[in-house]
Amino acid sequence: MNADAVLNVYIDLNLLLVAGIGVWLALRWVLSKSKLGLEFIRQQKVLTWMVAGLLLAPLLADWLSGSLITGAPNLSDMLVAQYLNGNVGMSAQDFQGWLSAREGFERDMLLGQSGLAQVIWAGLALGAVVSVLFTLRAALALRGIVKRSYLLRKIGQVELRVSDTTRVAFSTRGLRKRYVVLPAAMLEAGEDLQMVVAHELQHFRHGDVEVEFLFEALRPLLFWNPAFFLWRQEIRAMREYACDQALVRRHGFDARAYCECLIRACERAMAAQRGVQLSTPTVGLVDLRAKRRGATLRRRIEAATVARNSREARMGWMMLSLSLVSLTFATALLIQRPADWSHDRIMLSTIVNLERMKARNATAESMTMPEGFVFSTY
């Protein structure tokens, strides 16, 4: 993949993230008006499929449009067709300039000769370096917490460890091992301890820790895009709702005791800010990085106490996921640059040349001298 293709995929990814978050927020609003709005386990699966589609679609679309699919429809050709049908009230020169703005921007960025391109590249490089340093600092701090903790017991490949430096239980992982780190004060609360361990193990079953690592790895590339942080905020909130819901729906699990455990954990975290706000990549029982913490806690309690809906809707959720993924890939194909000159583009170029000739002739006529001499414009 050459530099031009890499830049094209990068721009497509950012455009898809912006469009996708709008679709997701609209979908979540629609679901909130029905009983399905509290089915967070299903919503998390839909969200996971959608995010996976957004990340893979630009690469797949670039590969398909360049090798397998020839003459595929794209948004640019559709707009040209609408213009030729008289549905766009704009001069041909202005329309072509607007249509080729992205191509010109990409060419300018690849050449890197203009001041604007140099400023953008410098900003991207600086932001990426700062993000990487921030991640390394957080990783070293996290490694120190895990290293200073002591082993309580092992559950399969997961180590339960106890720490004196954290007030909130959290889960994380290394290359091979997985860790659940518990505050030392929690050892005195036996019932809370069991529920917290069950909560963190459920995060491992859902793959939430790996998703957190993925978003942390993408931050140096997408730090400037607000849609990226909106997606991360949605992922973090949805994983807690889904985890709580999955736990309380276990047979014999005490939902009331679990909700009381959440409230006590939030109170302890708020009372001891030092050492609480862990940096990523971690998945904590209480995420104090979230905004509107009171509303988030209330929402988690609602998720834990909602009644289970019928399983007959499982096929509907699956179809919704497939529809969103298909829409994502279709959008990625539509925003690809046209590979060849189509008949409509040739006609548009002809109209642009005619407009330019007309403008030159008008200029020449306006410069005609009284004696009949004309100043040549060439």
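Helices α2, α8 and α9 each supply at least two residues of the lining of the second largest cavity. The model is predicted, so local features require pLDDT of at least 70 and side-chain atom pairs count only at pLDDT 80 or more, whereas totals for chains, interfaces and linings use all residues. Residues are numbered from 1 along each chain as its sequence is written, and side-chain values use heavy atoms, with hydrogens and water left out. Helices (H or I, at least four residues) and strands (E, at least two) are DSSP runs, numbered from the N terminus.

## Cavities

A search of the whole structure finds 2 cavities of 30 Å³ or more. A cavity is a set of points, on a 1 Å grid over the protein atoms alone, where a 1.4 Å probe fits but cannot get out; lining residues have an atom within 4 Å of a point. Grid points are joined across faces, edges and corners, and a volume is the space filled by probe spheres set on the points.

Which residues line the second largest cavity? The lining is made up of Leu17, Val51, Leu54, Leu55, Phe215, Leu218, Leu222, Phe228 and Trp231.

## Aromatic pairs

The structure holds 6 aromatic pairs. Rings of Phe, Tyr and Trp (its six-membered ring) pair if their centres lie within 6.5 Å; planes under 30 degrees apart count as stacked, over 60 as edge-to-face and the rest as tilted. One of the pairs joins Phe40 and Tyr241, which are tilted, at 4.8 Å centre to centre and 45 degrees between the planes. Phe40 belongs to helix α2 (residues 40-68) and Tyr241 to helix α9 (residues 226-248), so this contact ties together parts that are 201 residues apart in sequence. Phe40 is buried at 2%, and Tyr241 is buried at 10%.

Another pair is formed by Tyr83 and Phe95, which are stacked because their ring centres are 4.6 Å apart and their planes stand at 15 degrees. This pair links distant parts of the chain, with Tyr83 in helix α3 (residues 75-84) and Phe95 in helix α4 (residues 92-99), 12 residues apart. Tyr83 has a relative accessibility of 11% and counts as buried; Phe95, at 2%, is buried too. Ring pairs link Tyr83, Phe95 and Trp98 into a cluster.

## Salt bridges

Side chains of opposite charge can pair when their charged atoms come close. A salt bridge is a side-chain nitrogen of Lys or Arg within 4 Å of a carboxyl oxygen of Asp or Glu. The whole structure contains 18 salt bridges, and the table sets out three of them.

| Salt bridge | N to O distance |
|---|---|
| Glu210 and Arg178 | 3.6 Å |
| Asp192 and Arg264 | 2.6 Å |
| Glu216 and Arg219 | 2.6 Å |

Glu210 and Arg178 form a salt bridge with the closest N and O atoms 3.6 Å apart. This pair links distant parts of the chain, since Glu210 is in helix α8 (residues 208-222) and Arg178 is in strand β4 (residues 178-183), 32 residues apart. Glu210 is partly exposed, with a relative accessible area of 27%, and Arg178 is partly exposed at 23%.

The side chains of Asp192 and Arg264 also meet in a salt bridge. Asp192 lies in helix α7 (residues 190-206) and Arg264 in helix α10 (residues 255-271), so the pair ties together parts that are 72 residues apart in sequence. Asp192 is buried at 4%, whereas Arg264 is partly exposed at 30%.

Within helix α8, Glu216 and Arg219 are 3 residues apart, which means that about one helical turn separates them. Glu216 is buried at 4% relative accessibility, and Arg219 is buried at 10%. Elsewhere, a network of salt bridges links Glu212, Arg236, Arg239, Glu240, Asp244 and Arg300.

## Cysteines

How many disulfides does the structure hold? There are 0 disulfides, a disulfide being a pair of cysteine sulfur atoms within 2.5 Å. Cys243 is buried at 0% relative accessibility, and Cys266 is buried at 13%.

Key:
Buried means under 20% relative accessible area, exposed over 50%, partly exposed in between (1.4 Å probe, protein chains only). On a 1 Å grid over the protein atoms alone, a cavity is a set of points where a 1.4 Å probe fits but cannot get out, and a pocket is an open set with protein on both sides within 12 Å along at least five of seven lines; lining residues have an atom within 4 Å of a point.
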